[in-house]
Amino acid sequence: MFNYLEPPNAYYEFEKIYTAQQWAKKQRWIVDYLTEHAPDVIGFQEVFSIDSLKELVGEQGYNYFAVVDTPEVIDDFIYKRPVVAIASKYPIVEVAAVEHDSELANALGLNSEFTFSRKVLRATITLPHIGNTDCYVVHFKSKRPMINVDEHNKELTPEQNIIEILKANVAGGWGSTIQRGSEATLLMIQMIARREATQQPMLLMGDFNNELTDGVLSHLLTSTLRFAPAFDAKTYLAKYCLNDSWDLFVKSQQINDEISNNEVITKPTPLRAATHYYGASGSVFDYILLSCEFDTSYDDSFFEVSDYSTYNRHLINPDFERDDLSTDHGIVQATLTLRS
């Protein structure tokens with residue numbers, strides 16, 4: 001949502017306040033997206049004004065809305081630490097903030113004060129045909145270094161100042177990586193435990209602030225086990241694993257090998273659109289991960305990912321009058337179709 005905060009409140013600093021015209025423009029952009037694309041379930045990040053968003057999406061037909069946290073307010077009107085939220089056209093029957101396993105965190109070398117940088121939301125939604133589904137919304141720790149230094153320290157020489165900034169970036173960046181990877185790991189453990197207890201399908205969506213294929217987060221897509229009995233792993237493992245909706249879409253379309261007129265036609269895999277840009281460099285930071293009920297290669301699956309899109313016009317071809325108060329991320333959308 002990129003700082004969704006209703007004026008006259010300020011985000012992070014006292015001068016960062018939307019005018020009434022800017023706020024109306026920001027809300028209109030959201031409404032236009034919802035009207036054009038009409039997702040049934042949608043996860044949000046960077047929400048400050050909870051009641052305002054609930055009212056806005058309610059007017060668009062989202063009768064079910066949930067959060068599990070509130071932003072922090074300092075000096076009466078300056079907000080920080082925005083929260084995640086979820087809206088649905090289908091009933092939300094249970095909502096909870098995911099609590100990590102503190103004993104496991106300690107075993108991983110994390111201190112007793114460890115928490116998710118933003119609380120993870122779990123909403124159980126009654127979806128058509130498949131029933132109660134656990135939908136998780138996340139906003140993992142950003143890559144911003146956790147250690148800050150004075151970038152204009154006049155007591156240091158220019159070289160010494162650069163050295164201090166370099167050290168802060170190296171150490172602080174690694175600190176953020178540890179936090180982000182730990183969040184993903186501890187969440188995955190809780191998702192597996194929840195799956196075992198309820199047998200309900202799983203859906204994980206949000207801003208991961210990292211490429212999923214990076215080793216920091218790649219364990220979210222664990223699909224093989226070392227030293228496990230092969231037969232048991234093949235029988236049970238898929239039920240507890242997550243799949244990237246993009247990969248499921250590519251698989252469902254069978255675009256790599258199609259047979260026509262007894263000829264094998266190999267089509268190139270489509271390029272995946274970036275969801276975030278740093279300068280001219282694009283990355284995929286936003287994902288929708290799904291359990292096996294949405295994987296066509298799983299015998300008992302209910303749905304297939306029939307379409308996958310990334311709305312990023314406002315990033316690659318922005319129109320100032322339309323997009324200057326939109327969001328700094330592309331919006332990922334997956335369409336699930338009941339298998340025939």
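# Terms and values in a predicted chain

Biologist: Where is the place of proline 8?

Modeller: Proline 8 lies in the segment before E1. Here E marks a strand (at least two residues) and H a helix (H or I, at least four residues); both are DSSP runs, numbered from the N terminus. The model is a predicted one, in which local features need pLDDT of at least 70 and side-chain atom pairs count only at pLDDT 80 or more, while totals for chains, interfaces and linings use all residues. Residues are numbered from 1 along each chain as its sequence is written, and side-chain values use heavy atoms, with hydrogens and water left out.

Biologist: What makes the bond between proline 7 and proline 8 a cis peptide bond?

Modeller: Its omega is about 15°. Most peptide bonds are trans.

Biologist: Why is asparagine 3 called buried?

Modeller: Its relative accessible area is 8%. Buried means under 20%, exposed means over 50% and partly exposed is in between, with a 1.4 Å probe and protein chains only. Asparagine 3 is therefore buried. Asparagine 3 also sits in the segment before E1, and has a positive phi of about 65° although it is not a glycine.

Biologist: Is tyrosine 12 buried, partly exposed or exposed, and what value decides it?

Modeller: Tyrosine 12 has a relative accessible area of 39%, so it is partly exposed. Tyrosine 12 belongs to the loop between E1 and helix H1 (20-37). Its phi, near 70°, is positive in a residue other than glycine. Most residues other than glycine have a negative phi.

Biologist: Why are E1 and E4 called edge strands?

Modeller: Two strands pair if DSSP finds at least two bridges between them. The open sheet has the order E1-E5-E4, with mixed pairing. Strand E1 (10-11) and strand E4 (72-74) each pair on one side only, and that makes them the edges.

Biologist: How do you know that E4 and strand E5 pair?

Modeller: E4 and E5 (residues 78-80) share three bridges, in the antiparallel sense; the rule asks for at least two, so they count as a pair. Isoleucine 74 has isoleucine 78 in E5 as its bridge partner.

Biologist: In what sense do strand E9 and strand E10 pair, and over how many bridges?

Modeller: Strand E9 (residues 131-139) and strand E10 (residues 202-207) pair in the parallel sense over six bridges. Tyrosine 136 faces leucine 204 in E10. Their open sheet has six strands in the order E7-E8-E9-E10-E16-E11, with mixed pairing.

Biologist: With which residues is methionine 188 in contact, leaving aside its neighbours within four places in sequence?

Modeller: Contact means heavy atoms within 4.5 Å. On that basis methionine 188 touches Leu220, Tyr240 and Leu242. The C-alpha atoms of methionine 188 and leucine 220 are separated by 6.7 Å, although the two residues are 32 apart along the chain. Methionine 188 is in helix H4 (residues 158-198), and its relative accessible area of 8% makes it buried.

Biologist: How many helices and strands are there in the chain?

Modeller: The chain has eight helices and 18 strands.

Biologist: Why is the chain called as compact as a globular protein of that length?

Modeller: The globule rule is 2.2 Å times the number of residues to the power 0.38, and the radius of gyration is taken over C-alpha atoms. For 340 residues the rule gives 20 Å; the chain has 22 Å, which is close, so it is as compact as a globular protein of that length. Buried residues make up 44% of the 340.
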